Amino acid sequence: MLAKTNVDLIIEHSKQLVTARGHSDAPAIGLEMEDLGRIDDGAIAVNDGKILAVERTSEVLANYSAMKTIDASGRIVTPGFIDAHTHLVFAGSRETELELKIKGAGYLEILQSGGGILRTVRDTRAASKEQLLQICKKRCMNLITHGATTVEAKSGYGLTLEDEIKSLEVVRQLSAEGPVTLVSTFLGAHAIPPEYQTRVSEYVEQVCEEWIPEIAKRKLAVFCDVFCEKGVFEIEDSRRILEAGKRLGLIPKIHADELFPLGGAELAAQVGAVSADHLLFASHSGLLQMKEAGVIAVLLPAAPLTLMLDKYADARRMIADGVPVALGSDLSPSCWLENHQLIIALACYKLRMTPAEAIMASTINAAHAIRRGHEIGSIEVGKKADILILDADDYRFLGYRFGRNVIDSVVKNGHVVVEDGRFNA
Ligand code: FE
């Protein structure tokens with residue numbers, strides 16, 4: 001009889017082990033989004049931060065032993081959630097705007113009256129890098145205790161080169177310190193700063209000619225995003241910004257067709273964006289062009305909810321058409337959501353995605369939306385051990401039972417960072 005290999009950690013007897021396997025090369029589309037790659041009575045062997053084996057418990061225990069074992073019987077295990085779209089780095093808050101929204105003020109109306117983004121820009125500029133670090137660190141703790149192990153984080157509340165650099169340095173430092181892995185996006189074109197209200201093209205020129213080269217030189221961002229919207233950055237300005245980023249190695253992402261059918265989906269396909277996000281008003285031909293170009297639709301169901309819109313992205317049509325769909329929070333001062341489980345519930349109730357589709361959109365497809373599909377997003381041999389153990393015995397509890405945190409444990413890079421719902425210092 002062969003000796004067992006000793007490993008750092010074994011998670012055993014999971015009632016339903018959701019692997020999301022088989023899609024490391026390309027996101028799941030169409031009916032593939034229903035296939036969770038489930039193993040009943042499953043186990044995982046973890047060593048050196050990586051997944052060494054994923055099989056039925058009897059097979060894993062026949063070959064491996066471990067110093068630390070987690071008994072996941074009666075519970076489900078999934079890959080760590082990946083939040084593919086956040087505006088993580090901001091100071092201050094905007095709770096007063098909820099009342100304005102209730103009274104009927106729209107997003108652009110609040111923005112034009114000096115509220116909205118511009119208020120957060122003032123607060124973020126006023127915060128020191130150290131203050132921002134502390135604020136965002138807390139936010140990351142909230143994210144991971146609710147299951148997000150990797151999070152895309154945008155700048156975009158600085159809107160001066162100095163303050164954009166400050167925001168992206170916060171992202172870099174937080175990611176290095178952990179526990180959440182952050183992937184950074186430069187969003188200098190988030191809003192037109194007050195100093196440039198009547199000089200949009202001058203601002204765009206500055207972003208393209210001065211800021212993007214500096215951000216790229218300092219290697220502060222992987223992606224370049226733009227808030228492509230009527231009255232903000234329209235199609236040609238957005239194209240200019242995304243192309244300028246692309247020339248210097250920043251992969252395009254885009255806030256597309258959120259409030260108005262402007263052609264953002266088409267632009268995403270034309271510039272070869274990794275994702276187009278929001279898409280409430282995307283045209284059908286734009287979606288088909290995205291599919292052809294391999295652009296992932298990142299849907300953010302908390303955004304229309306907090307904007308009090310009745311309209312949501314047409315996820316059913318996207319999935320039927322074979323457009324890969326991922327999910328994100330749109331975490332920001334106007335949509336302050338740090339619980340990924342609630343995003344899954346909103347995807348079910350508002351986008352009519354099934355729990356399985358919402359889980360795939362929150363794991364492997366979200367990994368592809370941040371170009372990390374080979375590294376994370378599924379429980380497969382060789383991938384990083386980012387794993388959740390949930391206090392539920394069927395995956396369909398995700399979406400169904402909502403509002404309460406059902407995360408029991410979080411394993412990040414092989415370390416148990418959350419246990420019994422509490423963060424381990
Ligand atoms: Fe956003």
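Two residues are said to be in contact when they have heavy atoms within 4.5 Å of each other. Keep that in mind as we walk through this predicted model, starting with a pair of helices.

Helix 13 covers residues 340–351, and helix 14 covers residues 355–362. On the helix 13 side, the residues that meet helix 14 are H340, I344, A347 and C348. Their partners in helix 14 are P355, A358 and S362.

How are the two helices arranged? Two packed helices are described by the angle between their axes and the distance between the axes. Here the angle is about 135 degrees, and the axes of helix 13 and helix 14 lie 9 Å apart. An angle of that kind makes helix 13 oblique to helix 14, and the crossing of the two is right-handed.

Now let us turn to the backbone. Most residues other than glycine have a negative phi, and most peptide bonds are trans. With that in mind, look at H13 in strand 1, which spans residues 5–18. H13 is not a glycine, yet its phi is positive, at about 60 degrees. Is H13 buried, partly exposed or exposed? Its relative accessibility is 32%, so H13 counts as partly exposed.

R371 also has a positive phi, near 60 degrees, without being a glycine. You will find R371 in the loop between helix 15 (364–369) and strand 14 (387–390).

Finally, visit the loop between helix 6 (161–177) and strand 8 (181–189), where P179 lies. The peptide bond from G178 to P179 is cis, with omega near 5 degrees.

Note on methods
Residues are numbered from 1 along each chain as its sequence is written. This is a predicted model: local features need pLDDT of at least 70, side-chain atom pairs count only at pLDDT 80 or more; totals for chains, interfaces and linings use all residues. Side-chain values use heavy atoms; hydrogens and water are left out. Axes are lines fitted to C-alpha atoms, for helices over the stretch in contact, and angles run from 0 to 180 degrees between N-to-C directions. Helices (H or I, at least four residues) and strands (E, at least two) are DSSP runs, numbered from the N terminus. Angles under 35 degrees count as roughly parallel, over 145 as roughly antiparallel, 65 to 115 as roughly perpendicular and the rest as oblique. A crossing is left-handed if the near helix is turned anticlockwise from the far one by less than a right angle, and right-handed if clockwise. Buried means under 20% relative accessible area, exposed over 50%, partly exposed in between (1.4 Å probe, protein chains only).
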